Amino acid sequence: MSDSTSGQIDSVMTEDRLFPPNAEFASRSAIGSMAAYQKLYDEAKANPEAFWDKLAKAELHWFKPYDKVLEWKVPNAKWFVGGKTNVSYNCLDAHLTTARRNKAAIIWEGEPGDTRTLTYQQLHQEVCKFANALKKLGVKPGDVVSIYMPMTPELVVAMQACARIGAVHSVIFAGFSAEAIADRNNDANAKIQLTADAAWRRGKQLELKSVVDEALAKSPTVEKCVVLKRIGNEVTMQDGRDVWWHDVMAEASTDCPAAQLDSEAPLFILYTSGSTGKPKGIKHTTAGYILWAKKTFEWVFDHRDEDIFWCTADCGWITGHSYVAYGPLAAGATVMMYEGAPNWPLENRFWELIEKHKINILYTAPTAIRAFIKWGDEHVDKHDLSSLRLLGTVGEGINPEAWMWYHRKIGGERCPIVDTWWQTETGGIMMSPLPGAIPTKPGSCTKPLPGVIPSIVDEQLHEVQQNHGGMLCVSHPWPGMLRGIWEDDARYNEQYWTKVPGKYLTGDNARQDDDGYYWIMGRIDDVINVSGHRLSTIEVESALVSHSKVAEAAAVGRPDEIKGQAIAVFVTIKGNAEPSEELRQELKLHVRKEIGALAQPDDIRFTAALPKTRSGKIMRRLLRDIASGNADIAGDTSTLEDYSVLAKLRDDEE
Ligand code: WT7
């Protein structure tokens, strides 16, 4: 039977490599065996509320205990109902009575090489001062603070200060346009804007303040703007509206008790691009979010007190919220923060940082790993990376060959790799290996974390069999889940809870293999339908990336009269290779050999770069339009990182 009738997806990828955790690593892990993982998972599954009740009591500080663990009426969840707590208290104050008081909370390096370290006590003082400054500027609980700042410690201070007084932050990545800021400010009714004079990016100054000036001209709800002096370039300060960060801090007291907030008080809004239309303001709240961020951090990164943990994501993304600004701090970890680009001044900057600061855990994105591979091994070889003990990835599927490079070249074949699957909406990691417990397979996010109950269904809403792909859903609410789309309940319900009633629809496809391991197959909208067989983009792309000359690939479907869709691929080759007709034929045959005739690409285009979002995801939607010969690109392109890529791809059309 053709799979197109049921809506299942054919998997053509086989991956037999298995990497068990090494004995030394496992012996030191909190969860050090498959049996220990399974026991925890089963406990959570058997009685989720009892499981989370126990953890919430043990892990969080409560000003007032909650009355009820969960109130669940599809699609609205309330966790730890009636309780009072505070995220900033749990991240900072909680450590001040322990030896962690004098431990580094943040080790920061700016792009020019300047460094700063803040202990937990110092960070606490900065946060209290800025919280008082915000209060003085009129910020009340529930007010929205819009943040457009470079990756400096002050960005974390600002987020934590909002959390401390019950203000809701909306962090906007400091690469977005004035238009994008204004849209988000207006959607959220932002009251205060935080920014900096400028940010360093590849040796250039990004003039953040002038972008903000333009945005604020179109953001009528914003009353005040606080400006951090990062660089010292000339800026215009508007009288009555703009104030300097250092001025408001100079007069602020370090005494600011954390507000006693309801478990479900909104903590932040984070805008994520829908595939079309206007960005969605994903809403997260207090107690459930911080519990999720803390526990997933501890489980997945096997946290030890002596670690230096480096998540390379900007705080403008959910990864930077959960694994820079919140989760690690709640766990009392030391966080590395870096302001700039990975290739400044040279392509070895990450490896230099790891060697210099003796970083132990590196958490980065597949797009970065593919860039490192393209730049060449010589940049890595110059450095001693022996401090690393654990590696992670997030944001997209990782092609098995890129995984192998990461394992060999960066991990020295000694570090486990945690491929973490999750979303802005999920608040934190949902599926990932626990590095001391779960053997890894290149390209698989392996198993769900305790409390996560995945379900994969076809178009008829039946659970699919093993080795068939379908729509990935989550069956039971979890504490870190989104609580809605800001001021848009209808869209929330429509987007996540309607197509598969009663379950959270992730928008991704996935399959489980014979061992029950999960493989993410890409976005539902990206499936390619060839002669009635539904294929996943990542499998075709991974087959291409396994060729020694290919650095990066994106596969999309284009209309084809006979097959329904034909497969078009866009390929970036490594620095030492040349595009040619021969290589094109070679790649077609390579895919055919790796995964079969059905998946052999019809068109191959060589390109110097692929269109990506600012967080590094390939924008297959745009490539689909180009491959189909559509002159006009439909939908929202405001999240595109580099417009010139799009223009070039169009010019390259044969
Ligand atoms: C989408 C969510 C999660 C924080 C950063 C991105 C894709 C994410 C993986 C992974 C395969 C992945 C999914 C997901 N994705 N991690 N390990 N393997 N795909 O957050 O911008 O909300 O994107 O990213 O498609 O739905 P986001």
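**Stop one: the largest cavity**

Select M13, G397, I398, P400, G443, W519, I520, M521, I538, E539 and S542, which line the largest cavity. A cavity is a set of points on a 1 Å grid over the protein atoms alone where a 1.4 Å probe fits but cannot get out, and lining residues have an atom within 4 Å of a point.

This is a predicted model: local features need pLDDT of at least 70, side-chain atom pairs need 80 or more, and totals for chains, interfaces and linings use all residues. Numbering starts from 1 along each chain as its sequence is written, and side-chain values use heavy atoms, without hydrogens and water.

The largest cavity holds about 60 Å³ of space. Volume here is the space filled by probe spheres set on the points, with points joined across faces, edges and corners.

Now colour β26 (518-523) and α17 (537-545): each supplies at least two residues of this lining. Helices (H or I, at least four residues) and strands (E, at least two) are DSSP runs, numbered from the N terminus.

Next, colour domain 1 (1-12 + 452-524) and domain 2 (525-653). Both give residues to the lining, so the largest cavity lies between them. The domain bounds come from an automatic or database assignment.

**Stop two: the second largest cavity**

Select R370, E396, G397, N399, I538, E541, V545, E552, A553, I618 and R620, the lining of the second largest cavity. About 50 Å³ of space lies inside. Which element gives the largest share of this lining? It is α17, with three residues.

Methods
On a 1 Å grid over the protein atoms alone, a cavity is a set of points where a 1.4 Å probe fits but cannot get out, and a pocket is an open set with protein on both sides within 12 Å along at least five of seven lines; lining residues have an atom within 4 Å of a point.
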